[in-house]
Amino acid sequence: MIYLDNSATTKPFPEVVESFVTVATKYFGNPSSLHELGMKAERLLEQSREQTAALLGVKTNEIIFTSGGTEANNFAIKGVALQYRRRGNHIITTAIEHPSVAEPCKQLEELGFEVTYLPVNEKGRVDVEELARMIRDDTILVSVMHVNNEVGSIQPIEQIGQLLTRYPKTIFHVDHVQGIGKVPLDLKKAHVDLCTMSAHKFHGLRGAGILYVRDGVRISPLLAGGGQELQLRSGTENVAAIVAMTKALRLSLEAYKRKLPHLLAMKERWMNELNEIADIQLNTPSDCSAPHIINFSLNGLKSEVFVHELAKQQIFVSTTSACSSKRRAPSKTLLAMGMESKKAESAIRISLSYENTMEEISVAVRSIKQALKKLKEVTR
Ligand SMILES: Cc1ncc(COP(=O)(O)O)c(C=O)c1O
């Protein structure tokens, strides 16, 4: 098997699964319970919070554990809207956000908020000056993703954060789900107020995520209840998944330090090999793009059929993002980059992890060429 769909989800590290099993079986107490088992679970939870904060270079009380990226994004966007609705009702986001940002924004529009969608250029990047022109007195939130999940373009988060220091009433949220462990982001230096991360994108398990909430920023709770997670996110904490996520975060950040050259070399080789194939056009920009995402279009062929053809040979890639591939919608990022819909409909995404190898590339490229040949013959 050659797994090239790491932006959809990653294979959990074995040590991470071990941690999950140990905590789930030995320390299964509810961290809110007063007895010994509860206290042990609470200690593990707080140790995870301390370690996560240290790994991200932030304060312990700035880490809120959630069930994943979708919850953290919803919490950030709706939490700001609800908290600051008297201050203003204008939100700025980009045209290429993940649905877990775009859909809450749409819901808020239905409730009377005004949302401005920042366009991107042909490389999938926003223009900071254009953003500056959009900011108004009533802008309460700017939400910009760090790394795009479909093409891998990287947004100028530090410059945006710098710009927003001139607007202290505007909260800055960053969806860092695809960036963590692959493209560094210094939350303090970039003046980020809220930041989303998700365990299963960095070899942790599904069911755990992080929302960084900068000290001093207030947001309204999305999940009200028993007041767990610093009174901001109620619900009994998934301690085993959180402990496992902390380990995955540490291992991923270590992998970044040791193996980034390997990832970059693999990406370069992939881009060169794909560039040589006549029926393929690369969509991922060569500059300002993440080291693990490669997007390309197939000349007139349906991407879905191509994905299935490769899967027959145990090679797993995806059409755009995992969420839109089931809906069979063309990539909205590619459309926003100005691509015609036919080309956007034939897009394929390869997404790598540090675990992939150079050897896999030759095997996969051979299969890609065979699949293209077969599908061209069928559609002729
Ligand atoms: C950029 C981005 N944000 C948010 C999410 C949602 O994360 P989760 O799957 O943990 O809900 C994803 C998942 O694909 C993503 O790629």
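Colleague: In this predicted model, does E309 count as buried or exposed?

Modeller: The general idea is to compare the relative accessible area of a residue with a cut-off, and buried means under 20%. Because its relative accessibility is 9%, E309 counts as buried.

Colleague: How should I read the salt bridge of E309 and K374, and which parts of the chain does it link?

Modeller: The side chains of E309 and K374 meet at 3.0 Å, N to O. E309 belongs to helix α8 (residues 303–311) and K374 to helix α12, so that the pair links distant parts of the chain, 65 residues apart.

Colleague: How many salt bridges are found in the whole structure?

Modeller: A search of the whole structure gives 20 salt bridges. One of them joins the side chains of E229 and R49, at 2.8 Å from N to O. E229 sits in the loop between β8 (209–213) and α7, whereas R49 is in helix α2, so this pair ties together parts that are 180 residues apart in sequence. Both E229 and R49 are buried. Through salt bridges that share partners, E46, R49 and E229 form one network.

Colleague: What does the salt bridge of K376 and D279 tie together?

Modeller: The side chains of K376 and D279 meet at 2.7 Å, N to O. K376 lies in helix α12 (residues 358–379) and D279 in the loop between α7 and β9 (280–282), so the parts that this pair ties together are 97 residues apart in sequence. As for accessibility, K376 counts as partly exposed at 35%, while D279 is buried, with a relative accessible area of 17%.

Colleague: Turning to helices, which residues of α1 are buried, and why do they lie on the same side?

Modeller: An α-helix has 3.6 residues a turn, so residues three or four places apart point the same way. Helix α1 (residues 14–26) has 13 residues and reaches 18 Å from its first C-alpha to its last, close to the 18 Å expected at 1.5 Å a residue. The buried residues of this helix are V16, S19 and V23. They cover an arc of only 60° around the axis, which puts them on the same side of α1. On the other side of α1, the residues P14, E18, T25 and K26 are exposed.

Colleague: What covers the buried residues of α1?

Modeller: The cover includes α2 (36–56) and α7 (239–275).

Colleague: Finally, where does S7 lie, and which residues is it in contact with?

Modeller: S7 lies in the loop between β1 (2–3) and α1, and at 2% relative accessibility S7 counts as buried. Leaving aside neighbours within four places in sequence, S7 is in contact with N149, Q178, K201, H292, I293, R349 and S351.

Key:
Residues are numbered from 1 along each chain as its sequence is written. This is a predicted model: local features need pLDDT of at least 70, side-chain atom pairs count only at pLDDT 80 or more; totals for chains, interfaces and linings use all residues. Side-chain values use heavy atoms; hydrogens and water are left out. Helices (H or I, at least four residues) and strands (E, at least two) are DSSP runs, numbered from the N terminus. The expected span of a helix is 1.5 Å times one less than its number of residues. Buried means under 20% relative accessible area, exposed over 50%, partly exposed in between (1.4 Å probe, protein chains only). The arc is that of the directions from the helix axis to the C-beta atoms. Contact means heavy atoms within 4.5 Å. A salt bridge is a side-chain nitrogen of Lys or Arg within 4 Å of a carboxyl oxygen of Asp or Glu.
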